[in-house]
Amino acid sequence: MTNSVRKVAAAAATAVLGAALAGCGGGAGAPDAGREARMGTPAASAPASASAATSASGSPAASPQAGAPAKPPTMAPGPNGLTPVFERAKQQTDKTVALTFDADMTSDQGPRAADGERFDNPALISTLRTLKVPSTIFMTGRWAEEYPDQAKSIGTDPNFEIANHSYSHHAFKSPCYGLPALDAAAARADVDRAFAAFRQAGALNTVPYFRFPGGCYDDQALRTLSTAKVTAVQWDVVSGDAFAKDPGAVAEQVLSGVKPGSVVVMHCTRSAAPVTEEAIQRIVPELRKRGYRFVKVSELIGT
């Protein structure tokens with residue numbers, strides 16, 4: 001991570017540690033820095049046992065989505081069966097990069113959607129298709145319920161794969177940027193409920209990967225998730241697109257941070273990340289000019 005990214009992440013985290021906001025989209029009047037942190041600030045350093053859990057495995061695990069076209073690769077469980085955590089490809093000579101997009105919507109944001117707030121971003125998905133950029137969408141179950149046609153369209157397009165970002169976007173570890181916290185039983189059920197929402201929408205290209213809301217986790221969260229047989233996916237490049245107003249600044253932050261095997265975290269929510277689509281139009285051609293090839297997270301994990 002570059003110094004500029006560290007400064008952005010640190011400033012955002014400092015601004016929101018005392019916030020008591022309900023979800024990724026933030027509440028009325030929430031500081032932009034606080035909302036940004038909850039949508040992509042790196043988690044605190046993982047415990048030693050979580051770091052040790054990142055040894056790759058070549059044996060695939062069954063996908064939670066029946067009917068998926070293939071069994072995507074997962075990682076072997078960590079010590080004591082903890083859920084493994086993936087942040088960046090171990091093979092760092094091949095110039096591949098995975099762009100990931102969090103489709104965030106909390107369980108209680110239905111009224112805001114009914115009032116016209118847009119948590120989707122069809123223009124971004126269209127641009128990714130036009131530019132032929134394979135991508136992984138980390139979707140909440142609530143988002144899939146709000147936009148079932150889009151979830152199905154994304155989840156039946158071979159250019160994309162849908163991964164689990166929980167159902168409610170509530171925290172699996174507390175504190176986590178003011179997000180409401182789930183106990184172990186509720187957290188485990190939240191993961192299953194999200195996969196069920198994807199199935200209900202007709203999304204087929206789902207993968208057994210999970211991204212913690214806010215990026216917050218500890219050993220207890222990894223233990224809670226262990227029976228889901230998923231790989232937790234973090235990132236090594238923070239785009240800074242959450243609530244950003246300058247697409248050029250977002251593009252520069254990504255371009256300065258990408259390395260071979262990187263995972264970039266961005267967002268697929270118009271109201272919360274309004275310049276992401278414009279930033280992508282700058283990021284993709286430049287990275288291709290530098291010799292990078294875009295891949296889904298499943299390809300990175302499989303290398």
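Tutor: Strands β3 and β4 run parallel and are joined by five bridges. This is a predicted model, and what follows is computed from it.

How many of the five residues of β3 are buried? Five of the five are, so β3 is largely enclosed by the rest of the structure. The cut-off behind that word is a relative accessible area under 20%. In a regular strand the side chains alternate between the two faces of the sheet. In β3, S135, I137 and M139 point one way, while T136 and F138 point the other way, and all of them are buried.

Now to a helix that covers part of its own surface with this strand. Helix α7 takes in residues 148–155, and its buried residues are A151, I154 and G155. Viewed down the axis of α7, these buried residues fall within an arc of 90°, so they line one face of the helix. An α-helix has 3.6 residues a turn, so residues three or four places apart point the same way. The cover over the buried residues of α7 includes β3 (135–139) and β4, along with α5, α6 (141–146) and α8.

The loop between α6 and α7 holds Y147. Is Y147 buried or exposed? With 8% relative accessibility, Y147 counts as buried. Leaving aside residues up to four places away in sequence, Y147 touches E117, R118, F119 and D120. Y147 and A201 are 54 residues apart in sequence, yet their C-alpha atoms are 8.5 Å apart in space.

Y177 is buried, at a relative accessible area of 9%. Its C-alpha is 7.2 Å from that of G214, although Y177 and G214 are 37 residues apart in sequence.

Which cysteines form a disulfide? C176 and C216 do, with their sulfur atoms 2.2 Å apart. The pair links distant parts of the chain, 40 residues apart: C176 is in the loop between β4 (160–164) and α8 (184–201), and C216 is in the loop between β5 (206–210) and α9 (219–225). A disulfide is a covalent bond between the sulfur atoms of two cysteines. The torsion about the S-S bond of C176 and C216 is about 80°, so this disulfide is right-handed. Both ends are buried: C176 has a relative accessible area of 2%, and C216 has one of 7%. The count for the model comes to one disulfide. Another cysteine, C268, is buried with a relative accessible area of 0%.

Helix α11 has 14 residues, 276–289, and reaches 20 Å from its first C-alpha to its last, close to the 20 Å expected at 1.5 Å a residue. Its buried residues are T276, E277, A279, I280, I283, V284 and L287. They cover an arc of only 135° around the axis, which puts them on the same side of α11. Just after α11, G291 takes a positive phi of about 95°.

These parts belong to a protein with 12 helices and nine strands. Of its 303 residues, 56% count as buried. Among contacts with a separation of 6 or more, 79% are between residues 24 or more positions apart. The accessible surface of the protein comes to about 11,600 Å², and carbon and sulfur atoms account for 53% of that.

How values were computed: Residues are numbered from 1 along each chain as its sequence is written. This is a predicted model: local features need pLDDT of at least 70, side-chain atom pairs count only at pLDDT 80 or more; totals for chains, interfaces and linings use all residues. Side-chain values use heavy atoms; hydrogens and water are left out. A disulfide is a pair of cysteine sulfur atoms within 2.5 Å. Helices (H or I, at least four residues) and strands (E, at least two) are DSSP runs, numbered from the N terminus. Buried means under 20% relative accessible area, exposed over 50%, partly exposed in between (1.4 Å probe, protein chains only). The expected span of a helix is 1.5 Å times one less than its number of residues. The arc is that of the directions from the helix axis to the C-beta atoms. Contact means heavy atoms within 4.5 Å. Two strands pair if DSSP finds at least two bridges between them. Accessible areas come from the Shrake-Rupley method with a 1.4 Å probe; for residues, only the protein chains shown count as cover.
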